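Hi,

Here is the structure I promised to pass on to you. Please open it first, and then read my notes on what turned up in it.

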Amino acid sequence: MFMTTRSQSEVDHVAAAGFAEVYAPVKPYLDDLDAFLQSQVGELEPEVQEHVRYVFGHSGKRLRPMLVAYSGWEGPGQTRAQDLIKLGSVIELVHLATLVHDDILDEADTRHRQETAAKKFGPAAAVLIGDVLFSHALKLAAEFDTNEICRSVARATSRVCAGEIAQTYQRGEVNYSREFYFRVIQLKTAELFEVACRLGAKVAGYSNEFSEAAGLFGRHVGIAYQIFDDLVDLYADESMIGKTLGTDLDKGKFTLPLLLLLEKLPAEEREALMERFNAGDKTVAADFTARLHDFPIFDEVVKAFEHQLSLATDAVAPFAELPPVASMQKIADLVRAQLGRIA
């Protein structure tokens, strides 16, 4: 496993400094976005307003709206800020809905150091809360002058759900391959990153060529971000990260570190472990995890992570003269800096 001589407090300081640098220029945008989201609670039926406010209160760093803002960046006093605020809100609502549903499927108790909606309100209510968020996102998307926004968001939502179905409900016949893994994370995670960047550039009036390049940037950043999340699940400290960890293998999700482990294990041991796993042996997860540290798997996964970030920055490099690009590169650097929290 890759090691560092920095203390955890130093790592946290560096990561926080990197986030602050990226966050500061778009803070007014994110403040307006939060205010807009809160205003939308009043548009919902009274019976669900408390539930939605609770979900809004545990939404993390707003990375996807940040991608919207930076992909459409025109500098201070942006002329299309209101459209970008609405677009960022649409993307964030879809993202929050997927988190609510994911936590139900994963039976997760905590997220951002707070109870998940499923834990607080019960899984049945949480399903409906997620549906409300999805529905309201599409309602807002339909308010744009062009139907491209609604069409793109609806397609992205469908693809996110397809990725969850592929991962969750095909576990009995999962193709334990890297191809399957990358297909699932492109659908589940990278899709929203891609649509946030592509539509952010489009709404701001940039060319189709740059909008498509921005979308590719988002796709590769999204894949890298999911690879990081998969490392977190196996290598991080739960009290530091603030969410339930170790759930992937328990729920039958073979992420990249585990796929690499299967490739490296002797055939007899691999078959024995998979036989126990397929038989429902709940103790096999600990044996998988223990073996991870016997191979340089962490370093290999980091290489895959870095490769995706390189593809992201290469995608927008030909447009370096445009206002969004320098800030988008900082987003990639921010994602890279998060690795220090578990390395």
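Tyr 235 is buried, at 12% relative accessibility (buried means under 20% relative accessible area, exposed over 50%, and partly exposed in between, with a 1.4 Å probe and protein chains only). Please keep in mind that this is a predicted model, in which local features need pLDDT of at least 70, side-chain atom pairs count only at pLDDT 80 or more, and totals for chains, interfaces and linings use all residues. Residues are numbered from 1 along each chain as its sequence is written, and side-chain values use heavy atoms, with hydrogens and water left out.

Rings of Phe, Tyr and Trp (its six-membered ring) pair if their centres lie within 6.5 Å; planes under 30 degrees apart count as stacked, over 60 as edge-to-face and the rest as tilted. Phe 298 is buried too, with a relative accessible area of 1%. The pair links distant parts of the chain, since Tyr 235 sits in helix 9 and Phe 298 in helix 15 (residues 297-316), 63 residues apart. Helices here are DSSP runs (H or I, at least four residues), numbered from the N terminus.

In total, the structure holds 10 aromatic pairs. Tyr 225 is partly exposed at 27% relative accessibility, whereas Phe 228 is buried at 6%. Ring pairs also join Phe 193 with Tyr 225 and Phe 228 in a cluster.

Now to the core. The largest nonpolar core has 105 residues, and those that touch the most other members are Tyr 29, Leu 133, Phe 210, Phe 217, Phe 254 and Phe 288. Helix 9 (residues 208-235) gives the most to this core, with 13 residues. A nonpolar core is a set of buried Ala, Val, Leu, Ile, Met, Phe, Trp, Tyr and Cys residues joined through side-chain atoms within 4.5 Å.

Beyond its neighbours within four places in sequence, Phe 210 is in contact (heavy atoms within 4.5 Å) with several residues, including Ser 71, Ala 201, Val 316 and Met 328.

Happy browsing!

Terms used. Helices (H or I, at least four residues) and strands (E, at least two) are DSSP runs, numbered from the N terminus.
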